Structure formats: C-alpha cells, structure tokens
Amino acid sequence: MSGALLAAGHRRLDKTRGRDVTGGLLAGLSGVAAGLIVLMVAIILGNVIWFGWRTVTWDFLSKAPEQGMTAGGIFPAIFGTVALVILMVVALIPFGVGAAVYLHEYARPDAWFTKAVRFAVNNLAGVPSIVFGLFGLGFFIQFVGRGIDRAIGADVWWGQPSLLWAALTLALLNLPVVIVTTEEALRAVPRQMREASLALGATRWQTIWNVLLPQALPGILTGAILSVSRGAGEVAPIMFTGAAYFLPYLPQSPTDQFMELGYHIFVMATQSPDVDATRPLLYGTVLVLLLLTFALNLTAVLIRGRLRARLLGRS
Amino acid sequence: MVFVFREALPVLTDPAVRAQAGVSSFFSTPIWQPVGNVPKFGIASLILGTLKVVVVAMLFAVPIAVLAALYASEFASDRFREVLKPAIEMLAGIPSVVLGFFALIVMASWLQAVTGSVSRLNALNAGIALGLAIVPTIFSVCEDALRAVPRSYREASLALGASRWQTAWNVTLPAASAGVGAGVLLGLARGVGETMIVLMASGNAALISPSVLDSVRTISATIAAELAEVVFGSAHYSVLFFLGATLFTTTFLINVAAGMFVERMRKRLAGA
C-alpha cells in the first residue's frame, strides 16, 4: 500500500522536476547496453538454430561419424556424454550431499575446520576448469591410476585417460554446486519438522535420513541437474582425462576412452580435414548440445521455483 | 590442488629440468618453442597474450554488464526485465566451447571484414568472445549489489531534486561500489582461467606484439593444446603444470580479493 503511494509520489515529482536531458540520454545508453546483451544472445542462438536445425535428424542422432567426420552422425558422442554425466552424478551426489549435511547439521559454524571447509568450497568454485584437467591428469591418472596398476601388476590399465577419471574430475569441478544447492534446501526445511521428529524420539541421524533429506530432495535434484548441465558442456577438464577424437566403438567399461559432444565440437571446429563438409554437422552438434543444456537448466529452474514457492507459502 | 603444485615443483627443484626450463629461462628468451632440439620456454609471450585477451574482454564486458545491471535495477520496466533476465541466464548457460565455436566460425569473419586484419583469429576476436562469457557473471553480481542498496538512499536523493539518472549514477552506484568491484573481479578471474574460447578463437601463435589484431597464445590455451602430447615427467610437462599453478594462484588471489569486496558490501549495508 505505502509502496504504491510512494510510486505515485515519485511520478508526480518526476513531472514537476526540471528535465535532465543528459541524464535521460545516459539512462538511455544504459538501456542500450542491456538491449545489446539481449541482441547478442539472439544473434548467437539464431545463427546456431538457422544453420543447425536441418542437420538434426534421426539419422544424425543415431549414427556414428563417417569419412573423417564429414558425414554420418554423432551417436557415439551423445552416448559418451550420457555415460560421462551418469558416472559423474553417481560419484558426486553422495559426496556432495554428505558434505552439505555435515556442514549444515553437524559442523559448528565458528570452528576453524568448518571455516576452512567453507573457504575451500567457495574457492573450488572459482578454480579455472583447465586446472581441474591438470589435476585429473596429475592426481587421478598419474597417481591413483598408475598406483593401482603397480599394485595389481598390470601394464597400463587404470593409469590412462578413461571415462572413470574424466567423470571423477568433473564431479570434483561440480562439488561446490551440489553442496551449495543442498545446503540451501536443508535451510528451507522448517524448524518444526526437525523438532517434531526429535520430539518423537528419533535420533539426529534418523531425523536427517527420514525427514530432512526427503524434504530437501528437490534442492538436491536441482544441484544434480545443474551439475549435469555444466558437466555436459565442460571440455577443458576432460581433454586429457578421457575424451577421444574419434573411436570406432562405444566405451564398454569405465576404463575405456569415450567421445563427448563438447569435445566433438572442438575437434570438428579446429581439426577438420574438410571445413565446408564438416560445417553442417558442426552446427547440428552445437544445436544438440545447446538444446540439452537449456533443457536441463530450465528443469532446474522450474524445480527450484517450486521449492521457493513452498518456502514462501509456509512463512 | 596440492598435486598441481607437486607436478610443477621440478621447475624449481630438479636440476635436470632447471637446466632446460628454470624460472630464469622463462624471461630470458622471447620464444615459446617447447618441442625441438633446444626447447625454449619463454613464457613472456604467453603472459602478454593472456593480458591482451583479458584486457579486451574486460573493456568489452565491464561497461556493458555494469550499465545493463544499472538499467535493470533502476530504470527497466518489468516487461523488459522479463526479457533481459532469461537472456542473461541463457548466455550464462551457453557452454564455453559453443562460444568458442561461434567466435571461430562466425564472428572471426565478421570482425575481419570490419577491421581488415591479416590474421582471422586474433586477440580482439578471442577477447570479445571471452567478454560474452563473463558478462553474465559481472551482471548478476552487480545487479544483486544494486538491488541491495536501501530504498531510502534513492528516496533521499530524489527528494533533494536529483533526476533519476543523477540518483542512479551518483547515489545508487557508489553505494553498491564494493559489490560492483566484486563482480568485476569475479569476471576477471573467470576470464583469466577460461580455456576453450581462447583456445579456439585466438589463433594460438605465441607472438610478442602490441597489436590486438595479431594472433595470440594464452597460458590456459597453451596448457590445453600441449598437455595431450607431452611426455610424462619431462621438462615440458613440468612447465605446463607450473603454468597451471600460476593460473590457479592468480585466479585464487583475484577471487579472495572479490570475497573481501563482498564482505565490505555486507558490512556497509549492515551499518546503514
């Protein structure tokens, strides 16, 4: 009510105030900046859709690349991407949710260890993705992988780029996303539910497992979807940890290499033997990756919106 | 992250590696030629390349993102905001490999037609594409900061007879300056570390030249381009990890600085 009155007051004041022409122009300029962003997004998406939509047919989605990637489809890259993000989520969710539950339910907020963990999580989010790639190569492949090989006396089996190591690298990259969204969801669970459960004699862990986590599920799901969307688009961390230029077969086990959509785009865009023949396929692949990412992001936004609405409805 | 540093350590400690690639050799030669009979690791060209691309990106992204955030929080109608917000979210959701693809296939030709540059892929092209990638980061942090400025500040200014632009520019923006600083720094950190865009759009020639129309090679792109072929444990391998450690340290420091700005913003508003 008072807000509406104030707004009306502003409008009246605006009329009586002397016109500020320069200010009006500068305000217009800031509007142009905002419009420019919308325009650039429209140009990029328009360009990709315009040149890409004809390519995306069932054949394109279900066939393997042929003739040095100048014909055929992208099925192995789609398969690899899906396998990669599934493995990533399997590794990521228990660890990320566990960390969030610890931070939110058990850790004392002012203990130095909690602060150190929070500081690490916050800064992990800002680490360049290429550094994750280096870490994946140096730690997972050279250290853990080679270590396993030495222990079991294998020649080179685990200690080479593979689906598993790429998925673990991506899981690490997305850890902050899941921790932050899960904590947000835990915070949204009303106090009364927690107290009701404890009053009924449930232990702390029973409360977390049977009350809090089911309530926080949409939040956890949001985090998982956002990390899948990000994981599907990241190329730098998987370039040396498992993605392959071209494979004539699909990966059979987590220790195989794989093809991936983002990396496939990079390869087709920079190393194609015949640029003109590759271009339609390239546009098609970009369109598929964009649609996949946007669909995932949209789902996450919708779930999060419902979570927020539930929260607002209560308070 | 300890591991990245561990793999980088031979640059400082291992005498065999140091003979080829000690820190002193990084700046004694201008040439980056890691493969050859006498490998040369002159990282000056890579540092310069990174700086050139990032400066172009910031010159492009900061004015647009900050002004757009100001517009969105102070002037925009609800209807325009409903277009702008999803557009920003979409831009943030575009994978960097797609932006790199767009810069490589489409934008490079447009820019070459405009500037008449010799090399199609250059620092300007990579910089603008990188700018596109960091606009959402700067925009959302700035907009949050501007929105957090209490209404009473604006009303006091308007009541004193200032116009809406004078209020926005002289009152709201300075009040949110710490948040704007944080947004710019976070954008900078993202720009320094971003890999795929510069790898695809910059041309990757390690030249030392002042012009933004020449091809450049950045630190991140060097790691991405060379790590796949490098011999494990060689001097080259260590140097690449050293570059990674440098990149990590740089972005880490920028992020910590951004965190301090955010803290300051929170304190100022709590005091208000």
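Among contacts in chain B between residues at least 6 apart in sequence, where two residues are in contact if their C-beta atoms, placed from the backbone, lie within 7 Å, 74% join residues at least 24 apart. The model is a predicted one, in which local features need pLDDT of at least 70 and side-chain atom pairs count only at pLDDT 80 or more, whereas totals for chains, interfaces and linings use all residues. Residues are numbered from 1 along each chain as its sequence is written, and chains are lettered from A and ligands numbered from 1 in the order in which they are written.

The secondary structure of chain B consists of 14 helices and two strands, these elements being DSSP runs numbered from the N terminus, with helices (H or I) of at least four residues and strands (E) of at least two. Of the 272 residues in chain B, 55% are buried; a residue is buried if 20 or more other C-beta atoms lie within 10 Å of its own, exposed if 12 or fewer, and partly exposed in between, with C-beta atoms placed from the backbone.

Between the two chains, 51 residues of chain A are in contact with 55 residues of chain B. On the chain A side, two or more residues each are given by helices H1 (2–16), H2 (21–52), H6 (129–152), H9 (204–233), H10 (261–271) and H11 (275–314) of chain A, and the largest share, 16 residues, comes from H2(A). By class, this side of chain A has 32 nonpolar, 17 polar and two charged residues, where Ala, Val, Leu, Ile, Met, Phe, Trp, Tyr, Cys and Pro count as nonpolar, Asp, Glu, Lys and Arg as charged, and the others, Gly among them, as polar.

The contact joins A:Gly262, A:Ile265, A:Phe266 and A:Ala269 of H10(A) to B:Val97, B:Val98, B:Phe101, B:Leu104 and B:Ile105 of H7(B), with eight nonpolar, one polar and no charged residues.

Not counting residues up to four places away in sequence, A:Ile265 touches A:Leu282, A:Thr285, A:Val286, A:Leu289, B:Val97, B:Val98 and B:Phe101.

Within chain A, helix H4 (residues 75–106) and H7(A) pack at an angle of about 40 degrees, with their axes 6 Å apart, and the two helices are therefore oblique to each other. H4(A) passes H7(A) in a right-handed crossing, and the contact between them has 23 nonpolar, four polar and two charged residues.

A:Pro176, found in helix H7 (residues 163–188) of chain A, counts as buried because 21 C-beta neighbours lie inside 10 Å. Leaving aside neighbours within four places in sequence, A:Pro176 is in contact with A:Val121, A:Leu124 and A:Ala125. A:Val131, in helix H6 of chain A, is likewise buried, with 26 C-beta neighbours inside 10 Å.

Note on methods:
Axes fitted to C-alpha atoms, helices over the stretch in contact; angles between N-to-C directions. Parallel < 35°, antiparallel > 145°, perpendicular 65-115°, else oblique. Left-handed = near helix turned anticlockwise from the far one by under 90°.
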